Amino acid sequence: MLSFDTIIIGGGASGCMCALATNNKNIAIIDKDNKIAKKLLVTGNGRCNLTNTNMNSTYFNRDISSFLDKFDYHRTIEFFSDLGLVTFNDEQGRLYPISNSAKSVVSVIENALTKKSIRTFLDNTVIKIEKNDHKFIVHTDKNQFICNNLVIATGKNDLLDNLKIEYKNFTPSLCALKTNSTKLLTNIRLRDVKVTGCINGKYMSDVGEVLFKDSGLSGIAIFDISSLFAREGKFDGKVIIDMLPKEDNESLIKMLHKRKALNCQTRQFFDGMFVKEVAYEIFNRCKIDENKLSTLLTDQEIENFAYIIKNLDYTVKGYYPNNQVFSGGVRLSDLDENLQHKRIKNLYFCGEVCDVDGQCGGYNLQWAWTSGYIVGSNV
């Protein structure tokens with residue numbers, strides 16, 4: 001049986017930060033993957049969006065201000081700079097490695113772990129955890145470990161049930177949404193649109209990009225509002241797309257009335273304004289004869305056009321796999337200020353296993369860095 005003072009289950013972002021933040025020398029990371037921080041390689045489309053300079057609790061499902069006060073985005077930038085990572089931030093405040101490659105982030109983490117002599121046990125799947133007096137015994141498919149402090153730094157897992165830890169059910173979040181048919185718009189991309197999700201009288205909006213799939217919606221704006229459905233624990237509400245959010249309804253109607261003077265057939269009415277596929281979606285919803293002359297469009301038909309442009313709605317019927325994070329997890333109310341479980345001494349949680357989830361844009365990784373650092377500083 002291998003003995004350590006602290007064992008971290010999970011070699012992702014939060015687990016690695018936890019290991020690097022501790023001054024404890026006798027520490028090990030156990031991970032089921034064959035590489036440390038493997039999930040980081042695909043974050044930010046392979047660029048690794050480390051954090052965001054626009055950082056506060058409004059971007060999360062709950063108030064985490066007290067934790068961010070201990071380790072915020074400034075500390076994240078400083079931490080990685082000390083590891084040798086050069087970064088930059090874009091106009092939206094998203095921070096990336098200057099190489100634009102997540103491999104650079106993983107490399108500096110691996111180097112730092114090696115320098116600190118952190119033991120890593122990869123390709124080890126944890127199958128059971130036992131509590132023996134003041135020790136934890138961790139069984140994997142290859143080894144047995146014993147430790148004083150145990151850190152759970154994984155995402156969704158069965159270990160919580162094993163340890164009889166209460167938690168909010170895990171629900172996929174930051175994912176594409178399945179909807180009623182969008183086949184006519186497949187592969188059409190709309191940029192700078194306003195997307196609103198609604199379920200059970202709750203609403204969430206975001207401005208960004210939408211990509212139409214065969215029977216669903218993707219894109220960053222969709223990923224963001226998917227968290228609304230995840231937090232409600234079901235995917236059966238509505239998505240409403242405002243295709244021209246910078247125009248109010250009155251100015252849009254005036255714009256459309258002006259287009260009547262083009263004196264064309266209705267099917268050409270939106271040429272120069274929307275691509276053909278979007279135009280036909282509007283015509284279909286308004287039940288308009290495409291051969292009708294634009295000059296013959298009635299005031300009501302113009303108003304109907306404006307309504308659809310501002311309220312292109314779809315019924316949510318589920319989600320697509322390959323979600324970026326999970327909503328749910330161990331409730332912060334069951335953890336102390338150092339993320340130690342209040343009932344089980346020396347048992348800590350960090351990262352996605354906690355009931356904290358944020359929007360796209362570096363927020364979930366910031367929680368990983370923040371929570372990992374807090375736990376690592378206290379084990």
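Ser 117 sits in the loop between helix 4 (102-115) and strand 6 (119-121). Helices here are DSSP runs of H or I with at least four residues, strands are runs of E with at least two, and both are numbered from the N terminus. The phi of Ser 117 is positive, about 60 degrees, although the residue is not a glycine. Ser 117 is exposed, because its relative accessible area is 53%; exposed means over 50%, buried under 20%, and partly exposed in between, using a 1.4 Å probe and protein chains only.

Before I go on, this is a predicted model, where local features need pLDDT of at least 70, side-chain atom pairs count only at pLDDT 80 or more, and totals for chains, interfaces and linings use all residues. Residues are numbered from 1 along each chain as its sequence is written, and side-chain values use heavy atoms, with hydrogens and water left out.

With a relative accessible area of 36%, Asp 123 is partly exposed.

Now the barrel. Six strands close into it in the order 11-14-13-12-15-16, and the pairing is antiparallel. Two strands pair if DSSP finds at least two bridges between them. From one strand to the next, the twist averages 50 degrees. For angles, axes are lines fitted to C-alpha atoms, for helices over the stretch in contact, and the values run from 0 to 180 degrees between N-to-C directions.

Strand 11 (residues 177-179) pairs with strand 16 (residues 312-319) in the antiparallel sense, over three bridges. Which residue of strand 16 is the bridge partner of Leu 177? That partner is Tyr 319.

Helix 8 (residues 276-286) touches strand 12 (189-199) and strand 16, and its direction makes about 100 degrees with that of strand 16. Helix 9 (residues 299-310) touches strand 15 (238-242) and strand 16, and its direction makes about 115 degrees with that of strand 15. Contact means heavy atoms within 4.5 Å.

Last, a residue of helix 8, Cys 286. Is Cys 286 buried or exposed? Cys 286 counts as buried, because its relative accessibility is 14%. Leaving out residues up to four places away in sequence, Cys 286 touches Asn 304, Phe 305 and Ile 308. Its C-alpha atom is separated by 7.4 Å from that of Glu 301, 15 residues apart along the chain.
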